[in-house]
Amino acid sequence: MSDRHISQHFETVAIHAGNTADPLTGAVVPPIYQVSTYKQDGVGGLRGGYEYSRSANPTRTALEENLAALEGGRRGLAFASGLAAEDCLLRTLLSPGDHVVIPNDAYGGTFRLFAKVVSRWGVEWSVADTSDPAAVRAALTPRTKAVWVETPSNPLLGITDIAALSHVAREAGAKLVVDNTFASPYLQQPLALGADVVVHSLTKYMGGHSDVVGGALVVADQALGEELAYHQNAMGAVAGPMDAWLVLRGIKTLAVRMDRHSENATKVAEMLTRHARVTRVLYPGLPEHPGHETAAKQMRSFGGMVSFQVEGGEEAAVEVCNRAKVFTLGESLGGVESLIEHPGRMTHASVAGSLLEVPADLVRLSVGIENVDDLLEDLKQALG
């Protein structure tokens, strides 16, 4: 199957886009081109456009074509990590003196990139509740070049109306950037809703097996894609061929995994709402979630991430994390195995003391694809 897909159904595209059979052997899985340089057919005569694997590598090309197809974009780019992708995007879009609106609930590493790295470059930023278009509009300045969104957000599972915010950003002449890591393109396609750029940590649901680190950008505009590709090559934080191959493998089962993640997470969230020690459950699939209607409108399902708060404060939350047995205590998310963590002390320690500081009694779950009854029993015993 070429880039002109016979079927537009997601599951088929996920398996076939970029995965052309090897012309030499007929292998149905793209080879791992573990190579740094390529023989040229005369000076400047590149065979297939490849000269050096920082600039392009066939295995990475297959992944990038797959990513673009899944998100409905014009260009996909694969990086060494999600933060490497974000760094390339920011240095492509922004110049000293520019301004960015960032969400009041964001991944700690993203906040650290803005607060500790990009700000030293003379880029300013301000915080807004991106679930409220009016709040974002109020945060805009004449120098705003980008509005940054996570939906669902990390770790409070906030929901932003992508289509509504795309109008706000467009009126201001700014790019709308959506981190789609929690949803994956199977559950949500931000470019179709008006976003300009989609960001992924491929480490999470796209890879899906906790065995690879990677990041991606997918854009709707070809010219922006070319500019990003120039910076990707100039800066060099590209995905290696083995990492690209692992993500391609993971994507083939993304649809069936996300269905199971979402199904399990829904049952976990419903159980937690009934537990006496749980004071609040954050999951967009619950009807009482403030972003439920928006999530139902723009997502296929509600994903595998659940956060909750417990009575007894920070120490009680830490105790729940430590008592879990089937849920593994660890950072990251999106793998087939279930994970549990304390955001305040782990993934979001970098936002302590800022406007993005997370509640001390918060526990975050990445609900895996194990038997859900085992997950429910484990959480019950962890909660005591």
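Helix H10, residues 254-274, has 21 residues and spans 30 Å from its first C-alpha to its last, close to the 30 Å expected at 1.5 Å a residue. The model described here is predicted.

Two packed helices are described by the angle between their axes and the distance between the axes. H10 packs with helix H13 (residues 372-383) at an angle of about 30°, and the two axes are 10 Å apart. Because angles under 35 degrees count as roughly parallel, H10 is roughly parallel to H13. The crossing of this pair is right-handed. On the H10 side the contact is made by Asn 264, Lys 267, Val 268, Met 271 and Leu 272. They meet Val 372, Leu 375, Leu 376, Leu 379, Lys 380 and Leu 383 of H13.

The next element is strand S9, residues 305-310. Six of its six residues are buried, so S9 is largely enclosed by the rest of the structure. In a regular strand the side chains alternate between the two faces of the sheet. In S9, Met 305, Ser 307 and Gln 309 point one way, while Val 306, Phe 308 and Val 310 point the other way. S9 pairs with strand S8 (residues 278-282) in the antiparallel sense over four bridges, and Leu 282 stands opposite Ser 307. S9 also pairs with strand S12 (residues 362-366), again antiparallel, over five bridges. Here Gln 309 has Leu 362 as its bridge partner.

A further sheet is built from seven strands. It is open, its pairing is mixed, and the strand order is S1-S7-S6-S5-S4-S2-S3. Strand S1 (75-79) and strand S3 (124-128) are the edge strands, each pairing on one side only. From one strand to the next the twist averages 20°. Within this sheet, strand S5 (residues 175-179) and strand S6 (residues 197-201) pair in the parallel sense over three bridges. Asp 179 has Val 199 in S6 as its bridge partner.

Helices lie against this sheet. Helix H8 (residues 222-235) packs on it and touches S1, S6 and S7, its direction making about 20° with that of S1. Helix H2 (residues 58-71) lies across S1, S6 and strand S7 (215-219), and runs at about 130° to S1.

H8 has a helix partner as well. The axes of helix H3 (residues 82-93) and H8 come within 9 Å and cross at roughly 115°, and the crossing is right-handed. From H3, the residues in contact are Asp 87, Cys 88, Leu 89, Arg 91, Thr 92 and Leu 93. Their counterparts in H8 are Leu 224, Glu 227, Leu 228, His 231, Gln 232 and Met 235.

The last stop is a single residue. Thr 110 sits in helix H4 (residues 108-117). Its relative accessibility is 2%, so Thr 110 counts as buried, the cut-off being under 20%. Apart from neighbours within four places in sequence, Thr 110 is in contact with Leu 83, Glu 86, Trp 148 and Glu 150. The C-alpha atom of Thr 110 is separated by 21 Å from that of Leu 191, which is 81 residues away along the chain.

Technical notes. Residues numbered from 1 in each chain as written. Predicted model: local features only at pLDDT ≥ 70, side-chain atom pairs only at ≥ 80, totals over all residues. Heavy atoms only, no water. Pairing = 2+ DSSP bridges. Helix = DSSP H or I, 4+ residues; strand = E, 2+ residues; numbered from the N terminus. Axes fitted to C-alpha atoms, helices over the stretch in contact; angles between N-to-C directions. Contact = heavy atoms within 4.5 Å. Expected span 1.5 Å × (residues − 1). Parallel < 35°, antiparallel > 145°, perpendicular 65-115°, else oblique. Left-handed = near helix turned anticlockwise from the far one by under 90°. Buried < 20%, exposed > 50% of the residue type's maximum accessible area, 1.4 Å probe, protein only.
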